[in-house]
2 protein chains.
Amino acid sequence: MAAQLTRRERERQQHRREVLEAALNLFSRRGFEKTAMAEIAEQAEFAVGTLYKLFKDKNALCRALILDTVQRFERALTAALKAPGSELEKLERYIETKAALFLQHMPTARLYFAQTADAAFVPTAGLNEEARAIHREMLGLLESIFRSGIRKKLFLNIDPRMLALGLEGLTNAFLIELLERPHDFSAETMADSCKTIFFERIHLKGE
Amino acid sequence: MAAQLTRRERERQQHRREVLEAALNLFSRRGFEKTAMAEIAEQAEFAVGTLYKLFKDKNALCRALILDTVQRFERALTAALKAPGSELEKLERYIETKAALFLQHMPTARLYFAQTADAAFVPTAGLNEEARAIHREMLGLLESIFRSGIRKKLFLNIDPRMLALGLEGLTNAFLIELLERPHDFSAETMADSCKTIFFERIHLKGE
DNA sequence: ATAATCTATGAAGAGCCGTTCACTTTGTCA
DNA sequence: TGACAAAGTGAACGGCTCTTCATAGATTAT
């Protein structure tokens with residue numbers, strides 16, 4: 001049973017979490033390559049050797065952290081998309097959830113972006129295949145909501161995949177700006193702009 | 001005069017360019033940290049020592065490459081935005097230029113994204129301050145075009161900075177997808193979706 | 001209390017990579 | 001042509017970082 005672990009096993013899991021938390025802090029500031037195992041160990045108040053008892057090697061530690069991070073975020077976003085409501089309500093909830101989530105967990109958000117955006121350009125030796133699969137799943141869900149909305153004549157008939165990518169890109173752009181300049185905008189302003197740009201016409205006069 | 005360099009100097013510049021080209025290929029595939037100077041040397045058909053005659057150290061080489069890359073892209077985009085025409089025409093030209101540009105220079109585009117997007121999260125020891133300043137300048141230009149369009153009642157009255165960020169994020173999202181799956185979409189389809197999403201209403205029925 | 005088992009430690013090993021420099025080759029100019 | 005300067009070379013060095021492992025400590029079972 002998952003709940004009836006020995007004290008040993010429970011503590012082991014706790015230590016794992018502590019190491020991952022330390023790694024998150026360092027990675028989100030210095031990046032993967034520039035963070036040494038010795039630093040992680042120091043930050044987590046363990047010896048280097050202990051890290052190797054908890055994780056096979058540095059890559060495994062990274063993978064675990066990325067998977068953890070991406071999973072947590074995607075789970076929250078998926079939940080927002082799956083809750084009941086109209087297509088428009090679901091998408092608006094997605095935007096709000098994403099904004100709130102990212103602001104509350106900025107180091108995690110940094111890592112999330114580094115893995116969903118950047119990882120696309122420089123294939124890092126499969127460090128993130130699983131994580132990317134999870135992300136693609138969420139994108140598929142977004143896409144299906146757009147498709148359903150198009151069927152119901154709620155949205156313009158544009159390739160739903162494009163719409164999904166577009167909404168993702170738009171929200172990301174705003175959130176990245178927020179990560180860089182936390183005091184220039186609030187999460188609410190941001191979410192509102194997102195909704196207006198995406199769901200109202202931008203251009204007032206046709207040609 | 002810039003045009004009257006000695007043969008020596010001209011060849012030196014040529015060799016510099018060759019080294020940068022080799023580095024671009026390797027960086028865009030393996031990333032900065034995982035590319036060794038020896039690899040760059042081999043790819044460029046020079047000895048390691050020669051690289052150090054052309055660039056102070058690895059960081060200087062990276063900086064030169066990034067600056068080069070970002071400058072070329074931003075110059076083309078700025079030109080598209082500054083050419084005559086209405087606000088809408090300028091922005092549509094921006095989208096088209098960006099799509100064509102990125103597809104024609106995919107390795108460069110990878111590096112461009114890695115530096116404009118990713119670099120935002122993990123401050124890489126000022127590897128890219130200059131490059132980011134150039135990028136911000138282009139964003140400012142985008143913003144001013146939106147502002148002007150809003151004054152003329154061409155666009156919805158949304159914070160023009162948000163609009164600039166939004167258009168950037170939207171185009172990037174599509175182009176990143178294109179880098180990953182080059183055969184799923186054409187540049188034209190992409191540019192059209194971009195324009196439609198951004199300049200037509202998405203949502204058909206108000207609530 | 002004692003043995004057995006699991007966990008933690010951190011110094012030492014091994015490999016990689018950026019950088020240097022003494023030397024060779026090539027080009028320039030008188 | 002010969003001498004001087006610049007460019008090119010790559011083996012060797014030093015530092016850094018991942019990983020291991022013999023040892024020490026803690027916990028549990030007998």
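Biologist: At roughly what angle do the axes of helix α7 and helix α8 of chain B cross?

Modeller: They cross at roughly 120 degrees and come within 8 Å. Helix α7 spans residues 129–151 and helix α8 residues 160–180. Axes are lines fitted to C-alpha atoms, for helices over the stretch in contact, with angles from 0 to 180 degrees between N-to-C directions. This is a predicted model, where local features need pLDDT of at least 70 and side-chain atom pairs count only at pLDDT 80 or more. Residues are numbered from 1 along each chain, and chains are lettered from A.

Biologist: Why are α7(B) and α8(B) called oblique?

Modeller: Under 35 degrees counts as roughly parallel, over 145 as roughly antiparallel, 65 to 115 as roughly perpendicular, and the rest as oblique. The crossing is at roughly 120 degrees, and α7(B) and α8(B) are therefore oblique to each other.

Biologist: Which residues of α7(B) and α8(B) make the contact?

Modeller: Contact means heavy atoms within 4.5 Å. Among them are B:Leu139, B:Leu142 and B:Phe146 of α7(B), and B:Leu163, B:Ala164 and B:Leu167 of α8(B).

Biologist: What makes α1(B) oblique to α2(B)?

Modeller: Helix α1 (residues 7–30) and helix α2 (residues 37–44) of chain B have axes that cross at roughly 125 degrees and come within 8 Å. That angle makes α1(B) oblique to α2(B).

Biologist: Where do α1(B) and α2(B) meet?

Modeller: The α1(B) side includes B:Ala22, B:Leu26 and B:Arg30; the α2(B) side includes B:Ile40 and B:Gln43. The contact residues divide into seven nonpolar, two polar and three charged.

Key
Side-chain values use heavy atoms; hydrogens and water are left out. Helices (H or I, at least four residues) and strands (E, at least two) are DSSP runs, numbered from the N terminus. Ala, Val, Leu, Ile, Met, Phe, Trp, Tyr, Cys and Pro count as nonpolar, Asp, Glu, Lys and Arg as charged, and the others, Gly among them, as polar.
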